[in-house]
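Here is a friendly walk through the side-chain contacts and strand pairings of one protein model. Have the coordinates open as you read.

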Amino acid sequence: AVNIPYNVGVVVGPSINRAQSLTGKYVLNSTLAAAVSKSSNTVYTTIYSIDAIAGETYKLEMIGTYQTAITTTGIKIKLGGTAVCNVAGKMYGAITSVAAATELSIVASSMTSELITTGVNVANTPHFIGADIIFKCNTSGTINITMASEVNASAAQLNIGTTAVIERIAW
């Protein structure tokens, strides 16, 4: 997992860049340098973890691709963590193009919101995935973005280059 801390004034890892001073609005940008794979549909892997502060509001934008080993498997992207936040936004991902719908989208309205895609058009081929979410934090803690496979014992992968941008928009 890539941890994106609130109160560190230096680059935390090779994939995190601080764009503005911590005294005001700032942007943290984290891009996956390696693919993250999961074959379990009940055990989640933390992809991003953000240290959130009570009384602050954050905007998360995630954009990237995922793929699965077979066409009847999708991916799960789930929110979690120890912070208590009001949540508003959406998570979305491409699915098989032979279905009636070619994208799934869910309203992210709680710290346990979860997107579950239901399959892909071509196995082992990148499919779009993303999220646009606002977190207004009442209690400090972590905000986690996690992933798992939609089908147990069937591989799902969040691909290299998937990027999360976290911006503090109110403090």
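Let us begin with a charge above a ring: Lys-78 lies over the face of Tyr-44, 5.3 Å from the ring centre. Please keep in mind that the model is predicted.

**Aromatic rings**

A pair of aromatic rings is described by the distance of the centres and the angle of the planes. How many aromatic pairs does the count come to? The answer is one aromatic pair. Its partners are Tyr-92 and Phe-128, which are stacked, with 5.7 Å from centre to centre and 15° between the planes. Tyr-92 belongs to strand β8 (residues 84-94) and Phe-128 to strand β11 (residues 127-139), so the pair ties together parts that are 36 residues apart in sequence. Tyr-92 is buried, at a relative accessible area of 12%, whereas Phe-128 is partly exposed at 33% relative accessibility.

**Salt bridges**

Side chains of opposite charge can pair when their charged atoms come close. Searching the whole structure turns up two salt bridges. In one, Arg-168 is joined to Glu-56, and the closest N and O atoms are 3.2 Å apart. This pair links distant parts of the chain, 112 residues apart: Arg-168 is in strand β14 (residues 163-170), while Glu-56 is in the loop between β5 (45-52) and β6 (57-68). Are the two partners buried or exposed? Arg-168 counts as buried at 2% relative accessibility, and Glu-56 counts as buried at 7%.

In the other salt bridge, the side chains of Glu-167 and Lys-59 meet at 3.6 Å, N to O. Here too distant parts of the chain are linked, with Glu-167 in strand β14 and Lys-59 in strand β6, 108 residues apart. Glu-167 is buried at 12% relative accessibility, but Lys-59 is partly exposed at 27%.

| Salt bridge | N to O distance | Separation in sequence |

**Cysteines**

How many disulfides are there? The count comes to zero disulfides. Cys-85 counts as buried at 10% relative accessibility, and Cys-137 counts as buried at 2%.

**Strand β7 and its partners**

Strand β7 (residues 75-80) has five of its six residues buried, so the strand is largely enclosed by the rest of the structure. Which strands pair with β7? With strand β12 (residues 141-149), β7 runs antiparallel and is joined by six bridges. In this pairing Ile-77 stands opposite Met-147 of β12. With strand β10 (residues 114-116), β7 also pairs in the antiparallel sense, over three bridges. There, Lys-76 stands opposite Ile-116 of β10.

**Backbone angles in the loops**

Two residues are worth a look for their phi values. Asn-124 has a phi near 55°, a positive value in a residue other than glycine. You will find Asn-124 in the loop between β10 and β11. Ala-153, likewise not a glycine, has a positive phi near 65°. Its place is in the loop between β12 and β13 (156-158). Is Ala-153 buried or exposed? Ala-153 is exposed, because its relative accessible area of 69% is over the 50% cut-off.

Notes
Residues are numbered from 1 along each chain as its sequence is written. This is a predicted model: local features need pLDDT of at least 70, side-chain atom pairs count only at pLDDT 80 or more; totals for chains, interfaces and linings use all residues. Side-chain values use heavy atoms; hydrogens and water are left out. A disulfide is a pair of cysteine sulfur atoms within 2.5 Å. Buried means under 20% relative accessible area, exposed over 50%, partly exposed in between (1.4 Å probe, protein chains only). Rings of Phe, Tyr and Trp (its six-membered ring) pair if their centres lie within 6.5 Å; planes under 30 degrees apart count as stacked, over 60 as edge-to-face and the rest as tilted. Helices (H or I, at least four residues) and strands (E, at least two) are DSSP runs, numbered from the N terminus. A charge sits over a ring if NZ of Lys or CZ of Arg is within 6 Å of the ring centre and within 35 degrees of the ring normal. A salt bridge is a side-chain nitrogen of Lys or Arg within 4 Å of a carboxyl oxygen of Asp or Glu. Two strands pair if DSSP finds at least two bridges between them.
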